[in-house]
Amino acid sequence: MSLIFELSVPGRRGTTLPGLDVPAADAIPAGLRRIKPAALPEVSELDAVRHFVNLSRLNIGVDTCFYPLGSCTMKYNPKFHERIAELPGFAGLHPLLPQLRRGGALTQGALAVLFEAEQFLAELLGFSAFTMQPLAGAHGELTGVMLIAAYHKKRGETRPVMLIPDAAHGTNPASAALAGFTTRTIPSDANGDVDLAALKAALGPEVAGLMLTCPNTLGLYDPNVREICRLVHEAGGLVYGDGANLNAIIGRVRPGDLGFDVMHVNLHKTFGTPHGGGGPGAAPVGVAKVLVPFLPTSRVLKRTDGSYALEYHFPDTIGYVAPFYGNFGIILRAYAYMLTLGAEGVRRVSAAAVLNANYVRAKLRDAFPAAYPRTCMHECVLTAQPLAEAHGVHALDVAKALLDRGFHAPTIYFPLIAPEAVMIEPTETESKQTMDAFIATMLEIAALAERDPEALHRAPEHQTVRRLDETRAARFPDLASLA
Ligand SMILES: *Cc1c(COP(=O)(O)O)cnc(C)c1O
């Protein structure tokens with residue numbers, strides 16, 4: 001499909017404004033007005049409608065197709081919660097509205113949402129308190145490792161090293177480095193778990209902590225997680241939990257009970273907001289009691305008269321990490337999501353997410369074996385290595401072929417420790433019929449690899465763009481011209 005951006009024709013109009021029924025007046029002082037009229041496109045209403053509808057159809061999204069992008073939890077998010085976020089009392093809220101004393105109680109509802117959402121998360125995950133401010137998972141990580149740094153500093157200890165397993169998301173070492181730590185990599189063992197011997201060898205008085213993703217990015221639950229936390233604590237360190245994979249365990253196990261001291265939660269993965277596309281996120285960070293004094297300012301506290309207020313005065317705080325309320329709209333959706341599902345509902349989320357991933361893993365076993373052949377959690381990491389070795393068809397070819405067949409591609413080549421990785425996260429919101437269609441398509445692609453590998457190297461053939469130079473596409477995106 002071609003899409004033309006330069007539709008403007010001089011004099012063409014898409015609106016009819018009623019005639020002026022008041023005396024004309026110069027509302028804007030002459031000195032502040034544009035010298036030349038703005039160069040707005042002159043188009044009809046139909047031109048504008050077609051332009052935007054066609055643009056929207058170039059998007060692949062959860063609303064249009066199955067989107068098994070591993071690690072991203074691209075679940076379907078109920079439209080009902082979008083309606084709640086649109087309520088004028090919330091959507092129109094200005095962060096500088098007065099809290100309580102003067103100007104009425106205009107922000108009390110929003111502060112109550114922040115306060116209660118924090119309570120819900122603390123209960124669900126087993127932490128003492130949360131900061132609701134961080135604006136993305138990576139931002140939550142940075143906040144969390146800054147809390148760990150503040151903790152050691154307060155105790156007069158110098159611990160410059162952060163340990164990070166080799167299965168970790170790339171944001172983990174980046175966040176630790178940004179907070180001033182030196183990172184040290186802990187290898188995975190043959191099962192895909194943290195290598196305990198290597199961990200023990202790496203622990204020492206210079207280690208501030210460990211950043212652990214549970215379940216990890218292979219979609220595997222490390223059976224030694226309690227022991228890992230114990231070992232780190234014994235060495236005087238703290239354990240950071242990357243909670244991006246919470247969808248696998250939500251309502252079943254509380255990370256705080258396992259021994260994690262601090263953890264971010266991607267509300268835009270697990271709790272009712274789609275992830276990806278560079279849209280807004282929110283990643284509240286939960287902490288054990290020892291880290292509460294260091295939490296960022298401000299925090300919402302409940303007063304004895306039942307009212308809510310933002311409090312700013314905490315002597316040991318790490319300071320500001322985000323302005324005002326954080327991404328309030330995302331927190332509001334998560335609050336609505338938790339209220340809708342309730343305790344039993346969130347348990348059903350994790351049950352169905354894990355069942356769906358294992359269904360896909362088992363059905364694709366022969367053509368795409370799991371990188372680590374174990375029961376997985378909410379996602380399965382398969383490998384295209386057999387296809388690569390036998391037919392020269394790689395994970396990238398499979399991903400591109402899926403696009404032509406009406407599916408978003410899974411995550412590929414991540415985690416780095418699995419060769420030819422194809423990382424599939426169906427999420428709990430997909431039906432068996434959808435997964436069966438996906439499985440059938442994956443098997444069709446595997447069969448085609450044997451018969452006609454070239455056909456897969458040519459894919460995609462029916463998309464708006466063909467294969468891109470991925471480095472250039474990321475560094476110099478050209479979003480206006482379509483090949
Ligand atoms: C998504 C993800 C992150 C980063 O979260 P963002 O909100 O994208 O910054 C970190 N770790 C893991 C395991 C993830 O899947």
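A polar contact of 3.4 Å links the side chain of R299 to that of E118. The structure is a predicted model. R299 belongs to strand β8, which spans residues 299-302. This arginine has a relative accessible area of 13%, so it counts as buried, the cut-off being under 20%.

**Domains**

- The domain assignment divides the chain into domain 1 (1-57), domain 2 (82-340) and domain 3 (349-475).
- Taken over C-alpha atoms, the centres of domain 1 and domain 2 are 45 Å apart.

**Ligand surroundings**

- There are 14 residues around the ligand, and those that come nearest are S71, G137, D242, H268 and K269.
- The side chain of S71 has an N or O atom 2.7 Å from an oxygen atom of the ligand.
- A138 takes part through its backbone: one of its polar backbone atoms is 2.9 Å from a ligand oxygen atom.
- On D242, a polar side-chain atom lies 2.6 Å from a nitrogen atom of the ligand.
- The ligand exposes 380 Å² when taken alone, and the protein buries 90% of that area.
- Two elements give two or more residues to the shell around the ligand, namely α5 (137-154) and α10 (267-270).
- Of these, α5 provides the largest share of the shell, with three residues.
- Sorted by class, the shell holds eight polar, three charged and three nonpolar residues.

**Nonpolar core**

- In soluble globular proteins, nonpolar side chains tend to be buried together.
- The largest nonpolar core here has 62 residues, of which L163, L199, L267 and F271 touch the most other members.
- Elements that each supply at least two residues of this core include the helices α2 (79-86), α4 (108-125), α7 (196-202) and α8 (225-234).
- The strands β2 (161-165), β4 (207-213) and β9 (308-311) also each supply at least two, as does helix α11 (328-363).
- Helix α11 contributes the largest share of the core, 12 residues.
- At least three core residues come from each of domain 2 (82-340) and domain 3 (349-475).

**Backbone geometry**

- Most residues other than glycine have a negative phi, and most peptide bonds are trans.
- The peptide bond from T297 to S298 is cis, with omega near 0 degrees.
- S298 sits in the loop between β7 (285-287) and β8.
- P460 is placed in the loop between α15 (453-458) and α16 (470-475).
- T73 is not a glycine, yet its phi is positive, near 50 degrees.
- T73 lies in the loop between α1 (45-57) and α2, and its relative accessible area of 1% makes this residue buried.
- F324, also not a glycine, has a positive phi of about 55 degrees.
- F324 is in the loop between β9 and α11, and with a relative accessible area of 42% it is partly exposed, because that value falls between the 20% and 50% limits.

**A buried loop methionine**

- M132 is located in the loop between β1 (129-131) and α5.
- Its relative accessibility is 8%, so M132 counts as buried.
- M132 and L69 are 63 residues apart along the chain, and their C-alpha atoms are separated by 26 Å.

How values were computed. Residues numbered from 1 in each chain as written. Predicted model: local features only at pLDDT ≥ 70, side-chain atom pairs only at ≥ 80, totals over all residues. Heavy atoms only, no water. Near = heavy atom within 4 Å. Polar contact = N/O pair within 3.5 Å; in protein donor to acceptor, adjacent residues only side chain to side chain. Areas by Shrake-Rupley, 256 points an atom, 1.4 Å probe, with all protein chains shown as cover. Helix = DSSP H or I, 4+ residues; strand = E, 2+ residues; numbered from the N terminus. Nonpolar A, V, L, I, M, F, W, Y, C, P; charged D, E, K, R; others polar. Core = buried A, V, L, I, M, F, W, Y, C linked by side-chain atoms within 4.5 Å. Buried < 20%, exposed > 50% of the residue type's maximum accessible area, 1.4 Å probe, protein only. Domains from an automatic or database assignment.
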